[in-house]
Amino acid sequence: DVGFGVVASNSIDLIVVRKFYPKGSLRDEIYGVDEPQASYSSKYPKAKKGTPLTAEKIRNYGRQILEAMVVLRKKGITCYNLSTS
């Protein structure tokens, strides 16, 4: 599956296409979700607490995110919003 979204910025439209990651999102990992395609409310009930990531996972994800942001910046694309989902 491929997900996509359209973001308007200064009258320029940017289409973001990303491949579905079968293990789910970073938020799914934090919340220990077994079925990433389940509905939002069933994956993240209000009473459920997330589990902290290890320092190694935080380093790895952080580096990947920063490297992606550098590449986008070099192409003239600025990231204003990052989220775990």
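Mentor: Let's begin with rings: two rings of Phe, Tyr or Trp (for Trp, its six-membered ring) count as a pair if their centres lie within 6.5 Å, and the pair is stacked with planes under 30 degrees apart, edge-to-face over 60, and tilted for the rest. Keep in mind that this is a predicted model, in which local features need pLDDT of at least 70 and side-chain atom pairs count only at pLDDT 80 or more, while totals for chains, interfaces and linings use all residues. Residues are numbered from 1 along each chain as its sequence is written, and side-chain values use heavy atoms, with hydrogens and water left out.

Trainee: How many aromatic pairs does a search of the whole structure find?

Mentor: Two aromatic pairs turn up. In one of them, tyrosine 31 and tyrosine 44 have ring centres 5.3 Å apart and planes at 70°, so this pair is edge-to-face. Tyrosine 31 sits in the loop between H1 and H2 and tyrosine 44 in the loop between H2 and H3, so that 13 residues separate them and the pair links distant parts of the chain. Then there is the pair of tyrosine 40 and tyrosine 44, with centres 4.7 Å apart and planes at 70°, so it is edge-to-face as well.

Trainee: Is tyrosine 44 buried or exposed?

Mentor: The scale is relative accessible area: buried is under 20%, exposed is over 50%, and partly exposed is in between (1.4 Å probe, protein chains only). Tyrosine 44 has 11% and counts as buried. Tyrosine 31 is partly exposed at 25%, and tyrosine 40 is exposed at 52%.

Trainee: Which residue lies over the face of tyrosine 44?

Mentor: A charge is placed over a ring if NZ of Lys or CZ of Arg is within 6 Å of the ring centre and within 35 degrees of the ring normal. Here arginine 27 takes that place, at 5.5 Å from the ring centre of tyrosine 44.

Trainee: How many salt bridges does the structure hold?

Mentor: The general idea is that side chains of opposite charge can pair when their charged atoms come close. The cut-off is a side-chain nitrogen of Lys or Arg within 4 Å of a carboxyl oxygen of Asp or Glu. There are three salt bridges in this structure. One of them joins aspartate 28 and lysine 43, at 3.2 Å from N to O. Aspartate 28 is buried at 2% relative accessibility, and lysine 43 is buried at 11%.

Trainee: And which parts does the pair of lysine 57 and glutamate 29 tie together?

Mentor: Their side chains meet in a salt bridge, 2.6 Å from N to O. Lysine 57 belongs to helix H3 (residues 55–74) and glutamate 29 to helix H1, so the tied parts are 28 residues apart in sequence. Both ends are partly exposed: lysine 57 at 37% and glutamate 29 at 29%.

Trainee: What separates glutamate 67 and arginine 63 in helix H3?

Mentor: About one helical turn, because they are four residues apart in that helix. The closest N and O atoms of this salt bridge are 2.9 Å apart. Glutamate 67 is partly exposed at 41%, whereas arginine 63 is exposed at 58%.

Trainee: Let's go back to aspartate 28. Leaving aside neighbours within four places in sequence, which residues is it in contact with?

Mentor: Contact means heavy atoms within 4.5 Å. With those neighbours left aside, aspartate 28 touches Lys23, Val33, Pro36, Lys43 and Tyr44. A polar atom of the aspartate 28 side chain also lies 3.0 Å from the backbone nitrogen of serine 25.

Trainee: What share of the protein chain is made up of buried residues?

Mentor: Of its 85 residues, 7% are buried. As for contacts between residues at least 6 apart in sequence, 22% join residues at least 24 apart.

How values were computed: Helix = DSSP H or I, 4+ residues; strand = E, 2+ residues; numbered from the N terminus. Polar contact = N/O pair within 3.5 Å; in protein donor to acceptor, adjacent residues only side chain to side chain.
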